[in-house]
Amino acid sequence: MGKPRLVVVGNGMAGMRCVEHICDFAPDRYEITVFGNEPHPNYNRIMLSKVLQGGTNVDDITIHDWDWYTERGISLYTGETVLRADPDLQLIYTESGRVEPYDRLIIATGSSAFMPKIPGIHKPGVTAFRNIADCERMMEASRTYKHAAVIGGGLLGLEAARGLLNLGMEVDVIHNASYLMNRQLDASAAEMLKRELTQQGMRFLVEKRTERILGRKRAEGLQFSDGSRLGADLIVLAVGIRPNISVAEASGVRTNRAIVVDDYMQTSADHVYAVGECAEHRGIVYGLVAPLYEQARVLAMHLCGRHTEPYPGSVPYAQLKVSGVEVFSAGLIQGGDCETALQHYDGVKGTYKKVTMKNGRIAGAVLFGDTSEGTELLGYLKRRAPVSVLKAQPAGGNSSLAKTAEAMGDQDMVCNCNSVTKAAIMEAAGLDGAQTVDQIRERTKASGSCGGCKPMVAAILELAKSSDGKKPAPAAAPVPICGCTDMDRAAVRAALYPGSDASVQAAMLRLGWKRPEGCPVCRSAAAYYIGIHRSAGDGGPMIRVSASPVVSPGIPHKEAGRIALELERRSMGWFMPARIRIAVSAGPRDPAGVLVHDLGIGASPAGWELYAGGHMEHPVKPGQLVGVLPDSGDIIDMALGCLVLYRDSAYYREPVWEWLERSGLQRLREKLLDPDERESLLETIDMARSVGINTHPETQSEERTVGI
């Protein structure tokens with residue numbers, strides 16, 4: 001029996017990102033066929049403005065060239081339009097008469113430019129700005145004509161206008177709202193943007209509604225609803241997009257504004273999925289690259305049979321790609337749903353910053369002139385962080401890319417489109433020797449999509465170069481977990497996760513173990529990783545908490561005892577990489593051994609201190625201070641959050657002190673001192689208990705056999 005057949009309708013960014021992940025996760029799982037109605041391989045559509053602006057050609061924005069498909073055994077049909085699918089027979093039908101069977105079908109048809117019903121819209125000299133053919137039409141027109149009108153003052157319209165200026169044309173931008181980018185900016189930022197673009201040569205007509213396109217044989221101008229007219233030789237429409245749902249509609253798949261999907265991108269039809277701009281998730285259609293890539297990853301993992309959290313939706317953000325202009329916008333900017341938390345305007349430097357809040361939490365942000373804080377603010381927005389995390393800045397602002405890059409945590413996201421962290425960029429610059437932003441992009445994909453993070457990537461690259469001029473020492477050769485396999489602990493940890501395999505035996509077979517039956521060492525490790533969220537079973541509690549009976553002056557002993565009992569109750573039944581010992585002390589005169597236990601909690605004048613990584617046997621390790629909180633309830637939550645992080649990222653049988661040295665104290669503090677991060681970690685406790693009810697018998701038997 002051959003491999004199952006995966007057919008992808010659409011050769012765009014979302015569909016091909018999904019295929020790329022599938023080729024990475026399970027390269028031999030599917031026989032893949034791709035249909036695209038354009039004559040090109042997959043290219044970066046959001047970089048079309050760079051092609052139009054000059055200095056960039058189609059090859060420069062190609063993501064996957066022809067060889068990429070061939071090397072992976074993917075059958076690619078370009079210039080081929082799919083008309084419909086038959087979900088019952090599991091067949092797709094193309095315009096040329098081709099009939100292709102499938103076992104799984106992904107509809108990734110994207111969207112088209114919205115073309116309003118304006119009289120004269122089909123005349124020669126009128127074009128959208130959506131694909132390579134549109135760019136070619138605009139460039140061809142610029143060789144003959146000199147006056148262009150762009151209808152639409154949003155992101156796409158302004159990028160098109162900048163490109164037309166570069167082509168030597170005079171450009172008027174017509175917008176029906178009172179200010180530019182009215183969906184992403186407030187009036188203040190929009191006025192600054194208009195002033196900057198006017199200096200670049202654009203002209204603007206706001207609060208204008210186009211009534212008809214003038215001209216007999218071709219476009220010659222516009223007539224507006226107020227009776228005024230504007231002469232123009234080229235009309236560019238950039239007023240929005242419309243999801244391409246004709247294939248789904250013709251196939252009987254449920255649609256609304258777009259193709260309705262669930263949290264795993266499944267449509268109403270069996271074995272049929274949708275991803276990207278043609279998909280509607282929880283009533284929302286996303287038109288930006290980062291959400292599309294997030295959807296693609298969830299779908300790829302689902303199709304490969306790997307455990308993945310459901311797609312929860314995305315926080316959309318926008319960055320204008322116009323030379324000489326920095327604009328960032330995310331979340332709620334204005335209106336009754338939010339209020340201003342912070343606002344700063346610097347007329348001398350030409351910078352503007354506004355952060356909004358809702359119910360005390362960050363709800364949105366606008367940056368103009370200096371977007372270096374965009375990544376940090378987006379992170380706050382995604383976590384629904386309280387406004388208290390905002391750091392006050394001196395008047396006039398002192399933010400800079402270099403300072404922001406230095407202050408970022410290693411795991412902070414730099415390229416949201418491709419999920420590239422600061423640590424990944426630093427490693428590419430250190431171990432891999434990347435010296436330019438282009439080389440960083442080749443190695444990590446950072447700045448390879450929308451390009452908005454390119455300045456920050458450059459700043460982190462400079463930071464890496466200035467780190468004493470030293471490159472990290474090359475990593476030691478991996479040590480296999482046992483003689484049954486060549487995989488080390490990290491590789492086994494990455495390959496196995498809850499639900500990844502039906503049994504330990506199946507996991508070893510899939511991973512090509514030298515000895516299919518394994519040994520006690522690797523069998524126990526595999527059992528742990530596959531059943532990480534299960535109950536500890538009959539082997540007794542894996543987390544023991546003790547509180548000293550000694551009472552310290554001024555500190556009620558019952559509070560320390562209550563903390564110990566609460567920790568023991570809430571961690572009951574947890575399955576951990578190794579047995580955990582926690583000590584709770586009523587104060588400095590209480591000999592509970594806070595500093596020599598895996599976790600230690602001690603009373604102090606400021607409240608309660610949490611220590612982690614203590615070890616009383618060889619090698620003796622003193623616990624490291626994680627944080628101090630005034631409330632005993634909060635310190636319990638912090639300790640439980642620490643246990644969750646340890647459970648989900650430690651190697652099997654790796655002690656807490658060793659895990660902490662490997663993962664880093666700073667990263668642990670960043671997670672546990674953020675109330676929202678703590679809350680998110682604690683939410684996994686309920687999930688762990690619910691999953692633990694249905695424990696796989698094999699994983700329990702393996703653990704009882706070997707013990708820990």
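This is a predicted model: local features need pLDDT of at least 70, side-chain atom pairs count only at pLDDT 80 or more; totals for chains, interfaces and linings use all residues.
Local features require pLDDT of at least 70 and side-chain atom pairs count only at pLDDT 80 or more, while totals for chains, interfaces and linings use all residues. Residues are numbered from 1 along each chain as its sequence is written, and side-chain values use heavy atoms, with hydrogens and water left out.

An open sheet is formed by 5 strands in the order β9-β16-β10-β11-β12, with parallel pairing. Strands (E, at least two residues) and helices (H or I, at least four) are DSSP runs numbered from the N terminus, and two strands pair if DSSP finds at least two bridges between them. The edge strands, β9 (126-128) and β12 (203-206), each pair on one side only. The twist from one strand to the next averages 20 degrees; axes are lines fitted to C-alpha atoms, for helices over the stretch in contact, and angles run from 0 to 180 degrees between N-to-C directions. Strand β16 (residues 234-237) is joined to β9 by 3 bridges, and Val 126 has Ile 235 as its bridge partner in β16.

Helix α5 (residues 132-142) packs on the sheet and touches β9 and β16 (contact: heavy atoms within 4.5 Å); its direction makes about 145 degrees with that of β9. Helix α6 (residues 155-166) lies across β10, β11, β12 and β16, at about 170 degrees to β11.

In helix α17 (residues 520-530), 8 of 11 residues are buried (under 20% relative accessible area; exposed is over 50%, partly exposed in between; 1.4 Å probe, protein chains only). Among them are Cys 522, Tyr 528 and Tyr 529.

The whole structure contains 0 disulfides (cysteine sulfur atoms within 2.5 Å). For Cys 519, the nearest cysteine sulfur is that of Cys 522, 3.7 Å away. Cys 519 counts as buried at 11% relative accessibility, and Cys 278 at 0%.
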